[in-house]
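Have a look at it first, and then we'll go through some of its details together.

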Amino acid sequence: MMLFEVAKEIERRLAATFLRDANGKRPVYGGTRKFQEDPHWRDLILFYEYFHGDNGAGLGASHQTGWTGTIALAMDLFGRFDAKKILRRSRNACTRAL
């Protein structure tokens with residue numbers, strides 16, 4: 001795997017904690033029915049300090065997102081760019097600098 005692919009795989013795994021699975025449940029909410037099923041809450045994503053190692057449920061404070069909030073940035077980045085686009089842009093930038 002190239003470094004870009006490794007980064008994309010890490011992003012995919014981290015994002016899976018916050019995205020709905022095949023059953024429509026978000027692992028981050030564990031068994032909390034209010035956040036899983038209530039139409040007023042189910043699309044509001046909370047970023048927790050820690051996560052349960054077996055099921056991904058969010059633990060700890062949700063008001064101090066720390067590093068977990070960066071997954072939104074990573075999802076945006078990989079949603080906009082692919083490796084070829086980045087390499088093409090970087091190559092063009094380098095050529096202009098000469």
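Which residue forms a salt bridge with E37? The partner is R33, and the closest N and O atoms of the two are 3.2 Å apart. Both sit in helix α2 (residues 33–37), and because they are 4 residues apart there, about one helical turn separates them. R33 counts as exposed, at 59% relative accessibility, while E37 is partly exposed at 37%.

Before going further, keep in mind that this is a predicted model.

Now for the overall layout. Of the 98 residues in the chain, 19% are buried. The accessible surface of the chain comes to about 7400 Å², and carbon and sulfur atoms account for 58% of that. As for contacts between residues at least 6 apart in sequence, 33% of them join residues at least 24 apart.

Back to the charged pairs. The structure holds 8 salt bridges, and here are some of them, including the pair we started with:

| Salt bridge | N to O distance |
|---|---|
| R13 and E9 | 2.9 Å |
| E37 and R33 | 3.2 Å |
| D38 and K34 | 3.2 Å |

Take D38 and K34, whose side chains pair up in a salt bridge. D38 has a relative accessibility of 19%, so it counts as buried, the cut-off being under 20%. Elsewhere, salt bridges that share partners tie E9, R12 and R13 into one network.

R13 is exposed, with 57% relative accessibility, whereas E9 is partly exposed at 22%.

Finally, turn to the surface. Which residues gather in a patch of positive charge there? They are K84, K85, R88 and R89. One of them, R89, has its place in helix α4 (residues 83–97). R89 has a relative accessible area of 54%, so it counts as exposed, which takes over 50%. Residues in such a patch have no salt bridge, so R89 and the other patch members stand apart from the pairs in the table above.

Methods
Residues numbered from 1 in each chain as written. Predicted model: local features only at pLDDT ≥ 70, side-chain atom pairs only at ≥ 80, totals over all residues. Heavy atoms only, no water. Patch = residues over 30% accessible without salt bridge, like charges linked within 9 Å, V, L, I, M, F, W, Y side chains within 5 Å. Areas by Shrake-Rupley, 256 points an atom, 1.4 Å probe, with all protein chains shown as cover. Salt bridge = Lys/Arg side-chain N within 4 Å of Asp/Glu carboxyl O. Lys, Arg positive; Asp, Glu negative; His and termini not counted. Charge placed at Lys NZ, Arg CZ, Asp CG, Glu CD. Helix = DSSP H or I, 4+ residues; strand = E, 2+ residues; numbered from the N terminus. Buried < 20%, exposed > 50% of the residue type's maximum accessible area, 1.4 Å probe, protein only. Contact = heavy atoms within 4.5 Å.
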